[in-house]
Amino acid sequence: MSIRGRGFDLRRESRLTDVAVVSLKKHGFRFEIICFINHALSWRHQLKNAKTHCSEEDINEVVRSDIVYSNASKRTPAKSKDLVVAFQTDDLSKICIEILRNGEFQSESQLSRQFRGIATIIMQETFNPETKRPYTFSMIEKLMHGIHFVLDPHNSSKKQESLRAQGLRVIRELQKRYPVKRALMILQLIILEENLCSLMEKLNARNAKVVSIVESGNQLSLVCEVEPSFFRDCDALVRSLYGRSEILAEKDTNDDDCDD
């Protein structure tokens, strides 16, 4: 027996809040199915706790698609030979039951929130160097789709990169194709006055802009604008000079002298 045939394209589904991807890794292969998350969670709870029998009609109420994928987010169907090797059967009902019983859930609404979270980080930390203006949220989304960025639902929450780390990684990919530049960081650097020359030499070498220098006793407080890629080296340098650094802000790229 197999699940009733009903093709389904998750990308065209307008209501994603009740849809989930369930993933199971077995015999070196990854298999995924698309299901109704509330039905699936209820079904798995009953199966594990009450040891209830699951009929084909039961599974049809849980599974949203008749396709077993190797990667649901990319809509890549699993190969039939891989299914047989992993599950010792080509019966989709039995395969889906095992995936539902032992697999990991990842809701599409959660993926959507993560995607939007990454897009927000990119919007906040970048600008268009040609226009000297920040990108809008919708522009960032289009650029992300332009590089075919797809969130990987496979890692558990403990292993996933933070949204910021993913955002920085996507920025590097965007920079390969589009005019995207990281917004400058505004730093406050506090050092001993005797170490100013050493610090200024490094800042000038990296084209950092010193906005102000304030003297307080034998210490100096510098406010400067630097490329984000220079922050770690700058922080390490300041600490080596027995000083400290602090990130004040990201520079607003919407300069007053820009044309509207």
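Biologist: Is Phe31 buried or exposed?

Modeller: This is a predicted model. The relative accessibility of Phe31 is 1%. A residue counts as buried under 20% relative accessible area, so Phe31 is buried.

Biologist: Which class of aromatic pair do Phe29 and Phe31 form?

Modeller: The ring centres of Phe29 and Phe31 lie 6.1 Å apart, with 50° between the planes. Planes under 30 degrees apart count as stacked and those over 60 as edge-to-face, the rest being tilted. The pair of Phe29 and Phe31 is therefore tilted.

Biologist: What is the relative accessible area of Phe29?

Modeller: Phe29 belongs to an aromatic cluster with Phe31 and Phe87. Whereas Phe31 is buried, Phe29 is partly exposed, and its relative accessible area is 27%.

Biologist: What share of the residues in the protein is buried?

Modeller: The protein has nine helices and 11 strands. Of its 260 residues, the buried share is 42%.

Biologist: How many contacts beyond four places in sequence does the model have for residues 155–159?

Modeller: Mean pLDDT for the protein is 80, and 78% of the residues reach 70 or more. Over residues 155–159, however, pLDDT stays under 50. Where pLDDT is low, the predicted coordinates should not be read in detail. For residues 155–159, the number of such contacts in the model is one.

Biologist: And how many contacts beyond four places in sequence does the model have for residues 255–260?

Modeller: Here too pLDDT stays under 50. For residues 255–260, the number of contacts beyond four places in sequence is five.

Technical notes. Residues numbered from 1 in each chain as written. Predicted model: local features only at pLDDT ≥ 70, side-chain atom pairs only at ≥ 80, totals over all residues. Heavy atoms only, no water. pLDDT = per-residue confidence, 0-100. Contact = heavy atoms within 4.5 Å. Helix = DSSP H or I, 4+ residues; strand = E, 2+ residues; numbered from the N terminus. Buried < 20%, exposed > 50% of the residue type's maximum accessible area, 1.4 Å probe, protein only. Phe/Tyr/Trp six-rings, centres within 6.5 Å; stacked < 30°, edge-to-face > 60°.
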